[in-house]
Amino acid sequence: MGAIKCIGILTSGGDAPGMNAAIRAVTRTAIYNGLEVKAIYRGYRGLITNEIETFKTQNVSNIIQQGGTILKTARCAEFMTPEGRKQAYDTLVSQNIDALVCIGGDGTLTGARIFATEFNYPIVGLPGTIDNDLYGTDSTIGYDTALNTIMDAVDKIRDTATSHERLFFIEVMGRDAGFLALNGAIATGSEAAIIPEIATEYDQLGELIKNGFRKSKNSSIVLVAESPLTGGAMAMAERVKNEYPQYDVRVTILGHIQRGGSPTAFDRILASRMGAAAIDALLDDQRNVMIGIQNDEIVYVPFTKAIKNDKPINRELLNTLRILSI
Ligand code: ATP
């Protein structure tokens, strides 16, 4: 493949606050470097259906503060088939797009890796997911905003929990990862977090009950990651109601509010740095890497590493939460 003259950009999978800031940074850094930019709508689906528009610098004006993604996002089953990916490749060739920047989570980067290998095509990925579950980066775009949304919601629930002396199980997102639950619990002074990473190690709820999770307090809040491994907040509440009917138990499922909202300063800056780094990486002949951040430095993480490895939680945080909730 010759020198890159035109790049395509897409957002895929679950939306995350800060994706727009990333689109803006990729677009403007590319134009600054003399590249043409083509925006692909609705993730991989737009590559198959040829929903593509040339972007100028003004196409990304006034979006840095907006949640969601102006490029829309979608889940695309066809891209999981060789025929679907061949169609996507044909579109890229007909549109003269020489390289792609894909913004999304684990699934998006898995698709990118398969496509890049199949067609020997240059792709750089940006970690855009509120779950923070991608290996090789300290933070993903959208995670900090979601954490702040959880904090605001839990602070409000605490007011009513305290007034009624209730025990609340609050379910937060995180199918395979407890980052939102664990750090959300620390940020809100919650009693505990029930997370998938240690679900098979011991009975987290049982332990909590054994240690007397109400102690001297007149209300309690427990954050539960929505994962099948934890069973979710409903299952926790049912169990407590059956085994400890004296507790006044309530459940709140925060749901999709966690995905929305204007990105925090942290996410805007992270997305801006990562977006600019994606173009630098492509111009530097990097391929099949995800842009990550480690100790405030931009790093290139091979797709295979970012996808295949589970990102470990910091066990110190569990201990801190336990100590601070006495
Ligand atoms: P989030 O973490 O927010 O859910 P995600 O990127 O993991 O985001 P997915 O729905 O898992 O979201 O994946 C997005 C898209 O990536 C899929 O709809 C599909 O088009 C593509 N994709 C996922 N896995 C594969 C795969 N194994 N092969 C090809 N394409 C894939």
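**Figure 1. Charges and overall dimensions of the protein chain.** Lys and Arg are counted as positive and Asp and Glu as negative, while His and the chain ends are not counted; the place of a charge is NZ of Lys, CZ of Arg, CG of Asp or CD of Glu. On this basis the protein chain carries 32 positive and 37 negative side chains, with the centres of the two sets 2 Å apart. The model is predicted, with local features requiring pLDDT of at least 70 and side-chain atom pairs counting only at pLDDT 80 or more, whereas totals for chains, interfaces and linings use all residues. Residues are numbered from 1 along each chain as its sequence is written, and side-chain values use heavy atoms, with hydrogens and water left out. Along the principal axes, the C-alpha atoms fill a box of roughly 70 × 35 × 35 Å. The chain contains 11 helices and 11 strands, defined as DSSP runs (helices H or I, at least four residues; strands E, at least two) and numbered from the N terminus.

Figure 2. Rings of Phe, Tyr and Trp (its six-membered ring) pair if their centres lie within 6.5 Å; planes under 30 degrees apart are stacked, over 60 edge-to-face and the rest tilted. The whole structure holds 8 aromatic pairs. In one of them, the ring centres of Tyr89 and Phe115 are 6.4 Å apart and the planes stand at 50°, so the pair is tilted. This pair links distant parts of the chain, from Tyr89 in helix 3 (residues 82-94) to Phe115 in helix 4 (residues 106-119), 26 residues apart. Tyr89 is partly exposed at 24% relative accessible area, whereas Phe115 is buried at 1%; buried means under 20%, exposed over 50% and partly exposed in between (1.4 Å probe, protein chains only). Ring pairs join Tyr44, Phe79, Tyr89, Phe115, Phe119 and Tyr121 into a cluster. Phe119, also placed in helix 4, touches Arg85, Lys86 and Tyr89 when residues up to four places away in sequence are not counted; contact means heavy atoms within 4.5 Å.

**Figure 3. Surroundings of Pro17.** Pro17 is found in the loop between strand 1 (6-11) and helix 1 (19-32). Its relative accessibility is 0%, and Pro17 therefore counts as buried. Beyond its neighbours within four places in sequence, Pro17 has contacts that include Ile130, Ile141, Arg259 and Asp267.

**Figure 4. Thr188 in helix 6.** Thr188 lies in helix 6 (residues 179-188) and is buried, with a relative accessible area of 8%. Apart from neighbours within four places in sequence, Thr188 is in contact with Met151, Val154, Asp155 and Arg158.

**Figure 5. Two asparagines with positive phi.** Most residues other than glycine have a negative phi. Asn62, which is not a glycine, has a positive phi of about 60°; Asn62 is placed in the loop between strand 3 (52-55) and helix 3 and counts as exposed at 59% relative accessibility. Asn295, likewise not a glycine, has a positive phi of about 50°. The loop between strand 10 (289-294) and strand 11 (297-302) holds Asn295, which is exposed with a relative accessible area of 69%.
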